Structure formats: structure tokens, C-alpha cells
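Hi,

Here is the structure I promised to send over. Have a look at it first, and then read on for what I found.

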Amino acid sequence: MIINEKNEIVDKIIERAVLVGFNNDKGHIDIKYSMLELKELALAAGCQVSDSIIQNKKTIDAVFYIGKGKIDEVKALVEMHDANLVIFNDELSGAQQRNIENVVEARVIDRTVLILDIFAKRAKSKVSKLQVELAQLRYRLPRLKGSRSNLSKTGAGIGTRGPGEQKLEIDKRRINERVTDIRKSLEEARLVRNLQRVKRSKNEIPIVAIVGYTNAGKSTLMNKLIADTNVEDTDKHVFVKDMLFATLDTFHRKITLGDNKDVIIVDTVGFVSKLPHSLVEAFKATLEEVTEADLLLHVVDSTNLDYNNQIKITESVLNELNVRDKKTIFVYNKSDLLNEEIDLINENDILISAVKGDGIDELKEKIKKIVFDDLKIVKMLLPFNKGYIYSELCSIANVISTEYIEEGTLVEVEVSDKEYNKYKEFIL
Ligand SMILES: Nc1nc2c(ncn2[C@@H]2O[C@H](COP(=O)(O)OP(=O)(O)OP(=O)(O)O)[C@@H](O)[C@H]2O)c(=O)[nH]1
Ligand SMILES: [Mg+2]
């Protein structure tokens with residue numbers, strides 16, 4: 001037991017982990033980056049990393065995942081470093097986890113548990129807490145048989161903290177009941193959000209969703225876009241930190257791009273390689289805004305040597321969320337840290353520094369061009385008894401010129417297809 005200076009018990013056991021990777025050299029993933037990322041995840045979950053080991057093998061061993069011989073090597077590493085945790089880079093079955101624990105005599109978890117644990121730690125809002133708990137329960141349900149992790153009474157350590165903490169000892173039936181309850185609460189929250197969305201879509205404000213790999217700089221970009229627009233309350237800024245999964249809750253904010261052209265910007269949770277399926281499922285509801293977005297800003301950390309792979313992973317998660325064929329601007333971020341130029345592939349790709357503000361104006365122009373591409377300039381003649389339409393236009397559209405003539409008000413204005421149809425009778 002550890003006691004801090006305020007005499008509070010911080011019953012955190014120090015976890016020293018050995019990381020285990022599996023490489024079937026099919027070339028899907030670069031095992032080096034994958035293991036580096038696993039280390040980052042382990043650190044983010046608050047444990048120390050003592051060593052790591054990779055098994056190169058064509059096939060997975062049903063009993064020990066990486067084979068008995070390699071497991072003995074893991075055991076030797078655990079003993080050498082006095083480690084108490086072994087983290088696998090891939091998802092293990094309940095049986096494999098127990099078999100391995102019995103040999104290495106340390107707790108064994110996998111990448112999924114690690115990610116779920118970080119999410120549990122970061123979850124702040126009621127909805128994100130419920131989503132993480134749901135994902136944890138769905139992971140644990142088929143693995144309920146007693147393992148070291150599940151029977152651990154200490155209630156501390158990676159994979160044991162968070163909303164699902166004491167739920168391991170209760171039986172499947174009660175877990176299933178809890179799953180149903182959570183689903184119900186999430187559905188209620190979804191309905192409330194739907195209502196808000198309907199209200200918003202009545203105002204016809206386009207939605208621009210910021211998506212991308214974790215730590216790419218999505219929230220920093222969001223803040224930059226908010227700060228640049230005329231917003232007074234700076235405390236409404238989004239939390240930014242150099243850590244994995246700083247953002248769990250979607251957050252939206254209206255910003256103006258000038259000329260009466262407003263959009264709603266949505267900041268979202270970051271993605272990572274091998275993001276647990278249960279987690280993607282659980283976060284589907286809060287990511288609905290991405291599904292409905294008019295435009296995606298796919299933020300890429302251009303300083304990460306593996307960024308092409310990160311783009312692919314982000315795209316595959318978006319696919320899982322049924323987000324397909326959306327207009328997308330690839331926003332290559334952190335240009336201030338780049339030593340050499342990078343190749344931009346598509347016409348709309350852009351290189352920016354969200355921190356320094358480089359390229360932000362150009363990005364806003366691109367957003368404006370894409371989102372409001374159906375705008376056309378028309379001339380309208382509004383009779384004097386229709387003065388309210390003139391005020392309406394002034395508040396929703398870009399009025400270019402106004403002239404008062406004998407028959408009424410002559411307005412030159414930029415309108416969308418919808419507005420065009422709405423005001424058709426006045427268009428000259
Ligand atoms: N040098 C530099 N650092 C940046 C830039 N943009 C973001 N960062 C840093 O990158 C780190 C991650 O930024 P966030 O904005 O929290 O990233 P995110 O994509 O929202 O991350 P998650 O919410 O965890 O998915 C922070 O330390 C930022 O200060 C940039 O343009 N240049
Ligand atoms: Mg963020």
C-alpha cells in the first residue's frame with residue numbers, strides 16, 4: 001500500500017510489464033511500429049515497460065498463442081525483470097490467457113484490455129463512461145472463467161479499474177442485465193442528441209467532423225478554428241494533451257467562415273491500430289455526427305513515420321462506422337516539426353500547423369469552397385411589403401449588394417439550392 005503526502009491511500013501497485021508481439025510476416029502491419037505503439041499504450045495506462053519480445057511465426061498456437069517455447073522465454077524475461085504483467089499485442093482468448101498465466105506466473109492481458117483501460121481512465125462524461133463499461137463487459141462476458149486477472153481481489157492494476165471494476169465477481173446473468181441497462185441509457189442519450197440534431201438541421205448548418213488517429217492534433221485544430229472565429233468564451237476550448245486518447249467525447253461548436261457562412265465543427269475520439277471492436281461498437285452512437293457530416297477533416301500527424309498506415313487504419317475504422325465516400329480534406333498537421341517536404345496527393349490535401357496557425361486560413365477557404373459549393377449569385381427583387389425576407393437573407397446568406405428602386409429592394413445575394421427554391425418567386 002502506498003500513502004501520499006495527504007495521507008490518502010493510493011493503492012496502486014507498480015506494474016512492470018513485458019510486451020509480447022506476434023509477427024506472421026504477412027506485411028499487414030509493421031511490427032516495429034506496432035510494438036512501439038503498444039509501449040506508448042502501456043505507458044499511457046500508467047505501467048512501466050521492462051522488456052519486449054516478438055515471435056515470428058506463420059500460424060497462431062491455439063494453446064499458448066505464440067507457442068510453448070516462446071512462452072518459456074517470456075517467463076524468463078518476467079523473472080529477470082521481476083515483472084508482474086505481460087501484455088500481448090493481439091487479442092487472446094480466455095483459455096489462452098489462463099494457459100499463459102499458469103506458465104509465466106504473472107498477470108496476462110492483451111492490447112484490447114489495455115486500450116479499454118485507458119478509455120476507462122479517460123472517460124469523463126456519463127455517456128462515455130457507459131460506453132466504455134459496455135465495451136468492457138462485452139469483452140469480459142465470454143471470458144468469465146476464473147483467471148488471475150478476473151479473480152484478483154486487489155481491484156487495482158490495468159484492466160481491473162474503471163466502471164466495470166467489481167462486476168467480475170457477479171454472474172453472467174447480472175452482467176447481461178447491466179448490459180441491457182447501459183444499452184437503454186445510451187439509447188435515451190441518443191434520442192436526446194437526435195432531437196438536438198433535428199433542431200440544428202432545421203437551421204441547415206453544415207457539419208464538418210474532425211477525425212483521425214489519436215494524438216494527430218484534432219483537438220488542437222478544433223481550438224485553433226474556434227479561437228480564430230469570434231467566440232468570447234475561451235473556456236469552451238477542448239482539452240489538448242500529448243497523450244493517447246485525450247478526447248473521448250465528441251464536442252461541437254459553431255464557427256463562422258465569414259460571409260455569413262457558418263459550419264458546426266465536431267471534434268471526435270481518436271483511433272488506433274487494432275481498436276477493439278466492442279469499443280467501436282460502443283462508440284458508434286456518439287460518432288453518429290461523423291456519419292452525418294457534410295465534410296470530414298482527416299487530421300494526419302505528418303511527423304509520424306508511419307502516418308500512411310495510420311491513415312489506412314483511420315479509414316478502416318470509419319468504414320466500420322459505415323462512413324463511406326464522404327468528402328474529405330486530408331489535413332497534414334505539425335508542419336512546424338517537419339524537416340522535409342511531404343507529398344500531398346489529392347487536390348484538397350493541405351499541410352498545416354495547428355499550433356502555429358500556419359495554413360489555417362487556407363484550410364478555412366477550402367472548407368468554405370467544398371461545403372458551400374452549391375452556392376450561386378442571384379438578383380432578387382423584394383417588394384417593400386416583404387421587408388422581413390430581406391432581414392432573413394441578411395442573417396443567413398451573403399448579401400453582396402442592396403439597391404432601393406421604385407418597385408422594391410433589389411438584392412444581389414449568394415444562395416444555396418434550397419434557398420434558391422424557397423425564394424424562387426423573387427429571383428429575377
Ligand atoms: N508541434 C506541434 N504539435 C502539435 C500540433 N498540433 C498538435 N500538436 C500536439 O500534439 C499533441 C496532441 O494534440 P491533440 O490536439 O490533443 O491531439 P488529438 O488528435 O486531439 O488526440 P486525441 O484526442 O488523443 O485523439 C499535443 O501535445 C499537441 O500540442 C502542431 O501543429 N505542431
Ligand atoms: Mg483530442
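**Around the ligand**

A polar backbone atom of A354 sits 3.0 Å from an oxygen atom of ligand 1. Please keep in mind that this is a predicted model. Side chains take part as well: an N or O atom in the side chain of K334 is 3.1 Å from an oxygen atom of ligand 1, and a polar side-chain atom of N333 lies 3.0 Å from a nitrogen atom of the ligand. There are 23 residues around ligand 1, of which K218, T220, A246, T247 and D336 come nearest.

**Helix 4 and its two partners**

Helix 4 (residues 111-122) packs with helix 5 (residues 126-140) at an angle of about 155 degrees, the axes being 9 Å apart. That angle makes the two helices roughly antiparallel, and helix 4 passes helix 5 in a left-handed crossing. On the helix 4 side the contact is made by T112, V113, L116, F119 and A120, and on the helix 5 side by V132, A135, Q136 and Y139. Seven of these residues are nonpolar, two are polar and none is charged.

Helix 4 also meets helix 1 (residues 31-44): their axes come within 9 Å and cross at roughly 40 degrees. The two are therefore oblique to each other, and this crossing is left-handed too. Helix 1 contributes S34, E37, L38, L41, A42 and A44, while helix 4 brings R111, L114, I115, I118, K121 and R122. By class, this contact has seven nonpolar residues, one polar and four charged.

Best wishes

Terms used
Residues numbered from 1 in each chain as written. Chains lettered and ligands numbered in written order. Predicted model: local features only at pLDDT ≥ 70, side-chain atom pairs only at ≥ 80, totals over all residues. Heavy atoms only, no water. Axes fitted to C-alpha atoms, helices over the stretch in contact; angles between N-to-C directions. Helix = DSSP H or I, 4+ residues; strand = E, 2+ residues; numbered from the N terminus. Parallel < 35°, antiparallel > 145°, perpendicular 65-115°, else oblique. Left-handed = near helix turned anticlockwise from the far one by under 90°. Contact = heavy atoms within 4.5 Å. Nonpolar A, V, L, I, M, F, W, Y, C, P; charged D, E, K, R; others polar. Near = heavy atom within 4 Å. Polar contact = N/O pair within 3.5 Å; in protein donor to acceptor, adjacent residues only side chain to side chain.
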